[in-house]
Amino acid sequence: MDDFSRGPLVSPDELAAERASDPEQVTVLDVRYLQGGPPGRGLHEAGHVPGAVYVDLDVDLADPPGAGGRHPLPDPARFEAAMRRAGVRGDRPVVVYDDWQGRAAARAWWLLRHHGHRDVRVLDGGWTAWLEDGHPAETGPVDVAPGDFTVAAVPQTPVVGPDQVLDVEVLVDARAPERFRGDTEPVDPVAGHIPGAVNVPTTANLDDRGRFLPPPLLREAYARVGADTAASVAAYCGSGVTAAHDLLAMELVGIRAALYPGSWSGWITDPDRPVATG
């Protein structure tokens, strides 16, 4: 499917089995985050996958808001330092999870891959699935030895900027349908979407338990909007975070899509850029 060592998902049972033989053989990152919700660090200390290190999306996985949107990609050196603090090593697999059905975890997955880590997976179903499947929780802070992860000299996954995004054959908007249409906009100051975009909300990637659908169903969902391996495809959302969820879903069916990191919040910083509704 790609040039990485294995697929982008791991089940709770698979992760538990890997850790049972040697807890140190995989680095687990807790990326719990919910816009407008409680701080993730407190949730982490109240209970987490044993050994999981907390990673703050706003601090570690994004730069400050600005012309690049609400969650611009983090400076590579800052990201490298954050991953080293979290114990990430270049020669050790990484598993990331959240309690937002994989939306924040997908951002960490994408960033690590973008910067050259070759074995990163998202825990399918996240914290909820870990508990539902009967696995143990640990409380309190977690201290780990620093890692040695080094950002690759050349990015390993594609991105598009505002000057290229209109030229993409299939531009996927990962936001909820009502935000895509412009019926409502609870976060950004302008409602609507980038002209020509098609809507595949992140909820369309999931089953009723919050786990990713089987690849045949995902392939059908993206084929309906023209996204397949023959087309140039990119994804965006409100701030570049949840779009990674769609990128992960497409990765599961062999579609290597680009990310528009600025997404809608970056697009609308220039009032001359066109806006569509409906």
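1. The lining of the largest cavity divides by class into 6 nonpolar, 1 polar and 3 charged residues, where Ala, Val, Leu, Ile, Met, Phe, Trp, Tyr, Cys and Pro count as nonpolar, Asp, Glu, Lys and Arg as charged, and the others, Gly among them, as polar. The residues concerned are W109, W110, R113, T157, P158, L247, E251, I255, R256 and A257. Helices α5 (103–114) and α9 each supply at least two residues of this lining, and α5 gives the most, with 3 residues.

2. On provenance, this is a predicted model in which local features need pLDDT of at least 70 and side-chain atom pairs count only at pLDDT 80 or more, whereas totals for chains, interfaces and linings use all residues. Residues are numbered from 1 along each chain as its sequence is written, and side-chain values use heavy atoms, with hydrogens and water left out.

3. About 60 Å³ of space lies in the largest cavity, and the structure holds 2 cavities of 30 Å³ or more. A cavity here is a set of points, on a 1 Å grid over the protein atoms alone, where a 1.4 Å probe fits but cannot get out, while a pocket is an open set with protein on both sides within 12 Å along at least five of seven lines; lining residues have an atom within 4 Å of a point. Grid points are joined across faces, edges and corners, and a volume is the space filled by probe spheres set on the points.

4. The largest pocket holds about 340 Å³ of space. Its lining comprises 22 residues, of which W100, R103, R175, R179 and T242 lie nearest its centre; by class, the lining has 11 nonpolar, 7 polar and 4 charged residues.

5. Helix α1 (residues 12–21) has P12, L15, A16, E18 and R19 as its buried residues (buried means under 20% relative accessible area, exposed over 50%, partly exposed in between, with a 1.4 Å probe and protein chains only). Seen down the axis of α1, these buried residues fall within an arc of 160 degrees, so they line one face of the helix; the arc is that of the directions from the helix axis to the C-beta atoms. The face turned away from the buried side carries the exposed residues A20 and S21. The cover over the buried residues of α1 includes β1 (9–10), β2 (27–30), β4 (94–97), β5 (120–123) and α6 (126–132), contact meaning heavy atoms within 4.5 Å. Helices (H or I, at least four residues) and strands (E, at least two) are DSSP runs, numbered from the N terminus.

6. Within helix α6 lies G126, a residue that is buried, with a relative accessible area of 1%. Leaving aside residues up to four places away in sequence, G126 touches Y97 and D98. G126 and R107 are 19 residues apart in sequence and, C-alpha to C-alpha, 14 Å apart in space.

7. In helix α8 (residues 215–223), the residues L218, A221 and Y222 are buried. Viewed down the axis of α8, its buried residues fall within an arc of 90 degrees, so they line one face of the helix. Among the elements covering them are β6 (170–173) and α9 (243–251).

8. An open sheet is formed by 4 strands in the order β7-β6-β8-β9, with parallel pairing; two strands pair if DSSP finds at least two bridges between them. The edge strands are β7 (198–199) and β9 (258–259), each of which pairs on one side only. Strands β6 and β7 run parallel and are joined by 2 bridges, and V172 stands opposite V198 in β7.
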